[in-house]
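Have the model open and follow along.

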Amino acid sequence: MKNRETDLAAELRKRNEKALYRLIDLYGGLIRSIIRTHIPNPDALDECMDDVLLSIWNHIDTYDEEKNSFKNWVVAVTKYKSIDYRRSYARFHKKYPMEETDLDRLVDSAEPSKDEISCEMEQLLGHLKAHDRELLVKHYVKEYSIDEIAVDMGVQRSWIYNRLSRARQKLREIMKKRNGIDV
């Protein structure tokens, strides 16, 4: 892994565009997940992703193999760029606040929008049984509590915990096979 990272950094320093594609293949999922934790607006995710990749491209000369691994450097660049985006997002919304009717409409909507469940996630969830998929969406997207789901389905809490745990484990295994990494 260390050699692969060193080779990738060297190719990026040579301004080889194919190395950028390798970077996306290797760390694209990691970069996206870091951005998702910091950016409240799903519309800004792709824009931030592009800026992170551009920042890595433009500042690859600042990467020092002796101080850190390439993966950790990519994570740090992504984290700080995401935080910058979050700050600019907050400044923008302070300057141009949403009208109350827009906010009420967003809060009152019971169904998650298509932006909330990305295409990637839909593909992953497609590998699960329908009831496991429904459980994950209820708990993690719609934010129902375990108790609410158990009462709604007429089952015990322990059953819900077990099903969620098994579904998460299956998703981890799929991600391992897809990315060739340990999730």
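**A helix with a bend**

H2 has a kink of about 65 degrees, centred on Tyr 27. The bend at a residue here is the angle between axes fitted to the seven residues ending there and the seven starting there. This is a predicted model, in which local features need pLDDT of at least 70 and side-chain atom pairs count only at pLDDT 80 or more, while totals for chains, interfaces and linings use all residues. Residues are numbered from 1 along each chain as its sequence is written, and side-chain values use heavy atoms, with hydrogens and water left out.

Helices are DSSP runs of H or I with at least four residues, strands are runs of E with at least two, and both are numbered from the N terminus. H2 covers residues 17-38 and spans only 28 Å between its end C-alpha atoms, whereas a straight helix of 22 residues would span 32 Å at 1.5 Å a residue. That expected span is 1.5 Å times one less than the number of residues.

Which residues of H2 are buried (under 20% relative accessible area, with a 1.4 Å probe and protein chains only)? They are Ala 19, Leu 23, Tyr 27, Gly 28, Ile 31, Ile 34, Ile 35 and His 38.

Ser 55 sits in helix H3, residues 43-58, and is buried at a relative accessible area of 14%. Setting aside neighbours within four places in sequence, Ser 55 is in contact (heavy atoms within 4.5 Å) with Val 77 and Lys 81. Thr 78 is 23 residues from Ser 55 in sequence, and their C-alpha atoms are 8.9 Å apart.

Lys 138 belongs to helix H7, residues 130-141. Lys 138 is buried as well, with a relative accessible area of 11%. Not counting residues up to four places away in sequence, Lys 138 touches Glu 143, Tyr 144, Ile 149, Asp 152 and Met 153.

Zoom out to the whole protein chain and you'll find 9 helices and 0 strands. Of the chain's 183 residues, 27% are buried. Among contacts with a separation of 6 or more, 59% come from residues 24 or more positions apart. The accessible surface, from the Shrake-Rupley method with a 1.4 Å probe, comes to about 12600 Å², and 50% of it belongs to carbon and sulfur atoms.

Definitions and conventions
Buried < 20%, exposed > 50% of the residue type's maximum accessible area, 1.4 Å probe, protein only.
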